[in-house]
Amino acid sequence: MVLELHVWGPGFSLPSIEAQCLATIAYFSQVVPKDTWVLIASSDPTVSPTHELPALRNGSTWVSRFRNIVDYLRQYSNGAWDLDRDLSGLSRADSIAFSSFVESRAQSLVDLSLYVTSRNYYNTTSPAYGAILQWPNQWILPPKLHAAAKTRTGSLGLSSLDLQEIQEHQKREHSAAVAAGHIPQNFIRKPRETVSSLLGKTSQQNQFRLEALTAELFEPLEELLGDKAYLLSGRAPSSLDCLAVGYLSLALVPDLPYQWLRDAMERKAPRLSRYTDRIRRELYGIVEVSDAFSPSSSSSSSSSSSSLLPWQAPERANLAAVGSTLLNTLADATPILKDVRTSTRLREAAESSDSGLSAVESQALSAYARGQKKDTFLSIAAVVGGLVAMLGYMAHIGVFAIEEEEVEEEEEEEEPEIMLPESLSAGDFLGL
């Protein structure tokens with residue numbers, strides 16, 4: 001049976017626009033025979049039961065995320081498809097430690113570069129998603145991914161990279177000052193700031209913080225690489241190399257308006273930059289969007305990556321899929337339904353076999369999700385019960401009856417019409 005690897009589609013001349021997908025593609029390219037798997041740029045997380053990409057499908061079995069897919073391939077092949085099989089115990093420990101390090105540190109920097117930095121997101125990242133997504137996902141998913149990246153990086157104190165956030169903050173401060181009645185006159189007359197002036201300020205404010213964050217990622221990896229061909233060995237790559245290339249490619253390759261992440265990587269880790277460029281060219285090639293959606297038509301191109309990656313065109317969305325997407329979006333935008341659906345997804349993820357959690361952690365998280373869902377229903381019941389009790393009390397004390405009596409009294413107080421008898425003539429009326 002052919003394995004199906006579902007990923008986010010190509011972007012920035014890379015086979016995927018997402019780091020975990022790139023890492024999984026790199027792993028497959030090195031251990032899985034080309035005739036036993038296909039690469040599908042579905043760009044739709046709902047294809048997987050866990051609503052995550054990358055997702056590996058083997059018949060009725062679904063596995064998502066890089067680390068879970070690597071473990072599944074090891075078990076499925078009885079150890080034949082394991083890049084780490086020749087590593088020593090110490091090297092395996094280093095692989096686990098540095099993998100966690102790369103995922104935590106590099107994800108934040110990629111989020112800041114591609115999503116939080118306004119110029120990069122609106123000029124490059126958002127159009128890249130528009131090129132790979134079908135309607136209506138091209139209008140629904142990018143804002144969700146943008147908001148999720150801002151949430152993940154909120155604790156870093158670099159929200160000022162987002163011009164929209166700056167402008168909204170200024171509007172809130174202005175409104176508060178006006179409401180308080182003590183806004184300075186010179187602030188009122190101050191001309192509206194331009195995008196260029198805002199960018200100049202944010203660049204100065206964020207420079208030191210970004211320098212520290214990039215140094216925390218690039219310098220340890222530069223030292224680990226040293227003069228070797230790969231991070232842990234001079235002979236063969238490991239799963240750590242796949243994971244590192246997946247994240248570092250998104251730092252080095254995209255041509256962005258504000259290249260602060262690429263500049264920092266090339267300046268602080270030149271060997272790591274050359275290593276990333278070499279590995280990604282060997283494994284990915286130069287990828288165009290047409291390679292993923294029309295692989296047969298691009299197979300004749302010598303510069304195409306179709307000879308490197310076994311692309312299979314994704315299925316076009318049918319009417320039922322479009323309707324389901326719209327209904328799910330509407331449900332997620334409804335406050336009560338959103339809470340219920342979030343709790344359900346959390347419980348399903350906790351109980352999933354590829355959640356990566358221990359039995360105790362899975363049970364605790366599942367119980368928490370069930371409790372959240374129960375609390376939501378109790379809140380709904382309390383509100384409905386309160387409304388019913390209030391209406392019953394109003395009916396009991398006669399509020400509605402009083403309103404009816406008032407209407408009747410108003411009708412009685414109306415002046416009666418003067419009726420003239422039909423036999424009364426004009427002369428009689430005037431007394432003549």
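**Close-up 1. Helices H1 and H2 are roughly parallel to each other (an angle under 35 degrees)**. In this predicted model, local features need pLDDT of at least 70, side-chain atom pairs count only at pLDDT 80 or more, and totals for chains, interfaces and linings use all residues. Residues are numbered from 1 along each chain as its sequence is written, and side-chain values use heavy atoms, with hydrogens and water left out. Helix H1 covers residues 19-31 and helix H2 residues 66-76; their axes come within 9 Å and cross at roughly 20°. Axes are lines fitted to C-alpha atoms over the stretch in contact, with angles from 0 to 180 degrees between N-to-C directions. The crossing of H1 and H2 is right-handed (the near helix is turned clockwise from the far one by less than a right angle).

**Close-up 2. Residues in contact between H1 and H2**. Gln20, Ala23, Thr24, Tyr27 and Phe28 of H1 meet Phe66, Ile69, Val70 and Leu73 of H2 (heavy atoms within 4.5 Å). By class, this contact has seven nonpolar, two polar and no charged residues.

**Close-up 3. The largest cavity, with a volume of about 30 Å³**. The structure holds one cavity of 30 Å³ or more (a set of points on a 1 Å grid where a 1.4 Å probe fits but cannot get out). Ala106, Leu109, Val110, Leu217, Phe218, Tyr247, Leu248, Ala251 and Leu261 line the largest cavity (an atom within 4 Å of a point). Helices H3 (89-116), H8 (195-225) and H9 (239-252) are the elements that give two or more residues to this lining. The lining residues divide into nine nonpolar, no polar and no charged.

Methods
1 Å grid on protein atoms, 1.4 Å probe; cavity = no way out; pocket = protein on both sides within 12 Å on 5 of 7 lines; lining within 4 Å. Points joined across faces, edges and corners; volume = space filled by probe spheres on them. Helix = DSSP H or I, 4+ residues; strand = E, 2+ residues; numbered from the N terminus. Nonpolar A, V, L, I, M, F, W, Y, C, P; charged D, E, K, R; others polar. Parallel < 35°, antiparallel > 145°, perpendicular 65-115°, else oblique.
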